[in-house]
Amino acid sequence: MFGKGDYVVYGSTGVCRIEDITVMDMEGVPKDRLYYLLCPLGQMGGRIFTPVDNPKAAMRSVLVREEALSLLEDIPEIEEVVVPNIKLREEKYKECARSGDSRDWVKIIKTLYLKRQKRIREGKRLPASDERYLKMAEENLFTELSVVFGETQEEAERRVAERMLAECADKSQMAEM
């Protein structure tokens, strides 16, 4: 069980702060069931109620510093999402997004960054659905890392970029050969 004031990752919503642990005062809702009141960091005024005992909720603690450093170190080894069928690919992006797993967010970012670079070389843009998943994955990953390291999202983005850009540039150049 998490405590009031803890930061958690809640599925594809991303990092939330637990504002309260309370019962719901609504008709038809059991008065003895506890709920987390979550406030997503990226949404001013946003509130989510989820049962404390909900086994289906994809909720986890934010990474600790050592885990975040390990994630950054592992970025070059984290595989991209490789699904040839466009419909199945979007399902895979959706699955990765909902998992709330920072490694899955890195997979999406790497995949779509490389795809964007390729499409730019072809004079094309990234499809809107891909842009949406890329933005979500970046927002969630950078927010989590900013909480872990006590820095801005821009600083967290730079941390990721340092690890990812050189590797992605190498892969992009190899694809051109």
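**Overall layout**

The model is predicted, not determined by experiment. The protein chain contains five helices and five strands. Along the sequence these follow the pattern β-β-β-β-β-α-α-α-α-α. Taken along the principal axes, the box filled by the C-alpha atoms of the protein chain is roughly 65 × 35 × 25 Å.

The protein chain has 177 residues, and 39% of them count as buried. Among contacts in the protein chain with a separation of 6 or more, 56% are between residues 24 or more positions apart. As for charge, the protein chain carries 29 positive and 33 negative side chains. The centres of these two sets lie 6 Å apart.

**The nonpolar cores**

In soluble globular proteins, nonpolar side chains tend to be buried together. In this model, the largest nonpolar core has 32 residues. Ile108, Leu141, Leu145 and Val160 are the members that touch the most other members. At least two residues of this core come from each of α1 (65-74), α2 (86-99), α3 (102-121), α4 (128-149) and α5 (153-176). The largest share, nine residues, is supplied by α4.

Val160 shows how such a member is placed. Not counting residues up to four places away in sequence, Val160 touches Leu72, Ile75, Leu141, Phe142 and Leu145.

Helix α1 has the buried residues Ala68, Leu71 and Leu72. These lie on the same side of α1, because they cover an arc of only 95° around the axis. Glu66 and Glu73 are exposed, and they sit on the face of α1 turned away from its buried side.

Which residues does Ala68 touch, leaving aside its neighbours within four places in sequence? Ala68, which lies in helix α1, is in contact with Leu63, Leu145, Val148 and Phe149. Ala68 counts as buried because its relative accessible area is 0%, and buried means under 20%.

Is Val8 buried or exposed? Val8 lies in strand β1 (residues 7-10) and counts as buried, at 0% relative accessibility. With its neighbours within four places in sequence left aside, the contacts of Val8 are Phe2, Gly14, Val15, Cys16, Ile18, Leu38, Met59, Arg60, Ser61 and Val62.

Where is Met44 placed? Met44 is in the loop between β3 (34-40) and β4 (48-51). Met44 has a relative accessibility of 83%, so it counts as exposed, which means over 50%.

| Residue pair | Separation along the chain | C-alpha separation |
|---|---|---|
| Met44 and Val9 | 35 residues | 16 Å |
| Ala68 and Gln153 | 85 residues | 14 Å |
| Val8 and Leu69 | 61 residues | 18 Å |

Methods. Residues numbered from 1 in each chain as written. Predicted model: local features only at pLDDT ≥ 70, side-chain atom pairs only at ≥ 80, totals over all residues. Heavy atoms only, no water. Helix = DSSP H or I, 4+ residues; strand = E, 2+ residues; numbered from the N terminus. Buried < 20%, exposed > 50% of the residue type's maximum accessible area, 1.4 Å probe, protein only. Contact = heavy atoms within 4.5 Å. Lys, Arg positive; Asp, Glu negative; His and termini not counted. Charge placed at Lys NZ, Arg CZ, Asp CG, Glu CD. Core = buried A, V, L, I, M, F, W, Y, C linked by side-chain atoms within 4.5 Å. Arc of directions from axis to C-beta.
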